[in-house]
Amino acid sequence: MIRYQITDGTAALDPERWFARLRNDVDFIQIREPELAARDLADLVRRAIEVSSCPILVNDRIDIALACGAAGAHLRSGGVSPRIVKRLENLIVSVACHNLDEVRSAEGADYAILAPVFKPLSKSDSREPLGIANLQRLVRVSSVPVIALGGITEANTTACIEAGAAGVAGITLFGR
């Protein structure tokens with residue numbers, strides 16, 4: 001089972017506390033810090049690579065992932081094709097997916113991060129949760145491994161894996 005930690009967007013508020021929450025018992029860490037300027041994000045990514053034993057993926061900033069030597073990038077749904085990114089460099093690529101069309105367009109990525117499976121715990125989301133039945137349906141049509149995101153807890157992780165998810169992702173789940 002893949003365990004995929006996503007950062008909570010608070011690195012600028014208390015960097016030392018933020019770094020202390022990075023996990024070494026996960027398979028990937030996605031740095032999602034949308035409020036940081038490019039230079040600050042690059043500094044944060046470089047430092048995270050130094051202190052973590054896990055592959056670091058940079059949220060929606062392929063340029064910073066490449067410049068810093070990160071393991072990969074996480075792409076927004078509807079953005080650049082994962083196939084194009086994979087042609088640029090040998091990066092790990094995950095892509096955000098929220099519905100059938102987006103799952104189909106994730107072809108070429110290493111992982112489809114499907115959300116929200118349940119009501120998110122770390123932020124508000126106006127989208128209706130997909131639920132386990134839709135997770136199972138979308139896993140079956142996906143050409144890449146699907147990782148469940150959104151409201152994932154220790155209590156519902158097993159249901160996601162039983163539905164066919166390759167793993168789980170979360171901010172709160174791995175947030176110490």
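Tutor: Lys86 counts as partly exposed, because its relative accessibility is 28% and that class lies between buried (under 20% relative accessible area) and exposed (over 50%), computed with a 1.4 Å probe and protein chains only. This is a predicted model, in which local features need pLDDT of at least 70 and side-chain atom pairs count only at pLDDT 80 or more, while totals for chains, interfaces and linings use all residues. Residues are numbered from 1 along each chain as its sequence is written, and side-chain values use heavy atoms, without hydrogens and water.

Lys86 is joined to Asp110 by a salt bridge, with the closest N and O atoms 2.7 Å apart. This pair links distant parts of the chain: Lys86 belongs to helix H4, Asp110 to the loop between helix H5 (100-105) and strand E6 (111-114), and 24 residues separate them. Helices (H or I, at least four residues) and strands (E, at least two) are DSSP runs, numbered from the N terminus. Asp110 is partly exposed because its relative accessibility is 25%.

A salt bridge requires a side-chain nitrogen of Lys or Arg within 4 Å of a carboxyl oxygen of Asp or Glu, and by this rule there are nine. One of them joins Arg21 to Asp8, where the closest N and O atoms are 2.6 Å apart. Here too distant parts of the chain are linked, 13 residues apart: Arg21 lies in the loop between H1 and E2, and Asp8 in the loop between strand E1 (2-6) and H1. Helix H1 covers 15-20 and strand E2 covers 28-31. Arg21 is buried because its relative accessibility is 11%, whereas Asp8, at 30%, is partly exposed. The side chain of Arg21 also makes a polar contact of 2.9 Å with the side chain of Thr10; such a contact is a pair of N or O atoms within 3.5 Å, and within protein one must be able to donate a hydrogen and the other to accept it, residues adjacent in sequence counting only if both atoms are side-chain atoms.

Another salt bridge is formed by Asp63 and Arg61, at 2.7 Å from N to O. Asp63 is partly exposed, with a relative accessible area of 41%, and Arg61 is partly exposed at 27% relative accessibility. Arg3, Arg23 and Asp25 are linked in a network of salt bridges.

A charge can also sit over a ring, the condition being that NZ of Lys or CZ of Arg is within 6 Å of the ring centre and within 35 degrees of the ring normal. The charged end of Arg47 sits in this way over the ring of Phe19, 4.1 Å from its centre. Phe19 is buried because its relative accessible area is 10%.

The structure holds three aromatic pairs. Trp18 and Phe19 form one that is edge-to-face, 4.9 Å centre to centre with 85 degrees between the planes. Rings of Phe, Tyr and Trp (its six-membered ring) pair if their centres lie within 6.5 Å, and planes under 30 degrees apart count as stacked, over 60 as edge-to-face and the rest as tilted. Trp18 is buried, with a relative accessible area of 2%. Tyr4, Phe28 and Tyr111 form one aromatic cluster.
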